Amino acid sequence: MLRNESLTKNNFSRDESYMLRCLEIAKNGLGTTAPNPMVGAVIVHEDKIIGEGFTSPYGGPHAEVNAINSVVDKTLLKHATIYVTLEPCSHHGKTPPCADLIAKHGIPRVVIGLIDPHTKVAGKGIEKLKNAGSEVTTGCLELKCREHHRRFLMFQEKKRPYIILKWAQTADGFIAPKKEERATNPEPYWITNPYSRQLVHKWRSEEQSILVGTNTVLEDNPKLNVRLYTGKNPTRIVLDRKLKISADHHIMDGSIPTLVLTDTVDTPLQIENVSYHQIDFKGDIARQICEILFKENITSILIEGGSQTLQTFIDSGLWDEARVFIGDSQFKTGIPAPELKGKIISTKSIDKDTLKIYSND
C-alpha cells in the first residue's frame, strides 16, 4: 500500500525514514527470494511515496523493477529519489540489470543502504548510475541493512550459509528421553506446546534448507516440511553416514529436494529429488557441509538436531543464531541438551514455554 504522508519521525533523517520503509517491505520476501537477497525499494517524489516494491520469488523481478512498475505517473520518475536496501544489480542474471532500468527512467537520485559484495556487482551498479547522471548516496542505515541482509552477506562474504540452530529442551535440560524408554513407549515426547511447534514451521518456511542427523530420522521419522504453516518447504538435508535410512522414511518420499550426506560411495537408492554427497566423517563435518551447501547455492540452513549434530556445529564455531525452547516438563534422565556459549539477544514466553535466542559472538 502506498503511503503519501512524510515518514520522518523520531531521530531519523528524511533519507533514513524512507530506508526504514524499504526494510519494512523487504521482509515480505523472506523465504522466497533465496539465493537472491530480499531487497526493498521505495520511490519518493516531493516527500510523498509514489512507488514501492520488494524482491519477487526467485527468478522474478527485483525490488527496483516492482517499485518502478508500481508508479502510476512515470513522468514523475525524472524528479524522484529511489531508496533501495542494496546496490542495484549491474549484470544480467535471471532478470536484466536494475541499474539500467533506473538509468532508463532518468531517476536523478539514488539512496543505497549497502554496496553489494557480489563479485558481479560490487560497485559496478553505482558506477553505472553515476555515469548515467544520477546522484548516488550510499551507507544509509548501513548497519540495519547489514542485519536485514545477513543471510545474503554471510553467503557472499564468508562463502557459507547463514546457520541457525534450533532445539527444545526440558526444564531439567534434556532434549529427548533415553532410547530404552522410547523403545517401550514409542509415542512422540513433546517438550513444547502447539504454538511453539507452529512457530518452528514458520521458521522452516523462512530458510532455504533444514538439516537433521541419522538418529533423528530413524527415531522420529520427521517430514521436515511446513505443514503447520503456509510457505515454501526448505530443502531437506540429512547426515546418513552408512545409509541406514530406508526408502519408506518420509524424507525419502521425493516430494521435496533432499540431500543425503554420506561417506559411502555406493548409493543403491535411486529416488527422484534425492541426491547424495560424500563427506569425510572423520574430518570437520560442519565445514564440509558448509562447502557443499555453498556449491549448491544454499544461503541459509536451520539445523534441528539431534544433539550430536547440533553440538558438532557448536564445537566448530559454525553457527550464527541459536533458538532454544525450554518447556515446563521434566524427563529426570535422557539425552542432555547441547552445550552452548553465546549472547542472549532475546527471551520471551510462548504460553508456558520459554524461547531464548542466542547470537554467536
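A residue is called buried here when its relative accessible area is under 20%, exposed when over 50%, and partly exposed in between (1.4 Å probe, protein chains only).

Before going on, a word about the model. It is a predicted one, where local features need pLDDT of at least 70 and side-chain atom pairs count only at pLDDT 80 or more, while totals for chains, interfaces and linings use all residues. Residues are numbered from 1 along each chain as its sequence is written, and side-chain values use heavy atoms, with hydrogens and water left out.

**Aromatic rings**

Rings of Phe, Tyr and Trp (its six-membered ring) pair if their centres lie within 6.5 Å; planes under 30 degrees apart count as stacked, over 60 as edge-to-face and the rest as tilted. The whole structure has three such pairs. One of them joins Phe155 and Phe294, whose centres are 4.7 Å apart with 35° between the planes, making the pair tilted. Helices (H or I, at least four residues) and strands (E, at least two) are DSSP runs, numbered from the N terminus.

A charge sits over a ring if NZ of Lys or CZ of Arg is within 6 Å of the ring centre and within 35 degrees of the ring normal.

| Charged residue | Ring | Distance to ring centre |
|---|---|---|
| Arg197 | Trp190 | 4.1 Å |
| Arg323 | Trp203 | 4.7 Å |

Why is strand S4 (residues 109-114) described as largely enclosed by the rest of the structure? Because six of its six residues are buried. Strands count as paired if DSSP finds at least two bridges between them. Strand S3 (residues 81-86) runs parallel to S4, joined to it by five bridges, and Ile82 has Val110 as its bridge partner. To get from S4 to S5 the chain passes through helix H4 (residues 124-131), in a right-handed β-α-β crossover (with the strands pointing away from the viewer, the path from the first strand over the helix to the second runs clockwise).

**Strand S16 and its neighbours**

Strand S16 (residues 353-359) is largely enclosed by the rest of the structure, because five of its seven residues are buried. Strand S13 (residues 321-326) pairs with S16 in the antiparallel sense over six bridges, and strand S15 (residues 343-350) is joined to S16, also antiparallel, by seven. Which residue of S16 is the bridge partner of Phe325? That is Leu355, which is the bridge partner of Lys348 as well. S15 and S16 form a hairpin with two residues between them, and Asp351 in the turn has a positive phi of about 55°.
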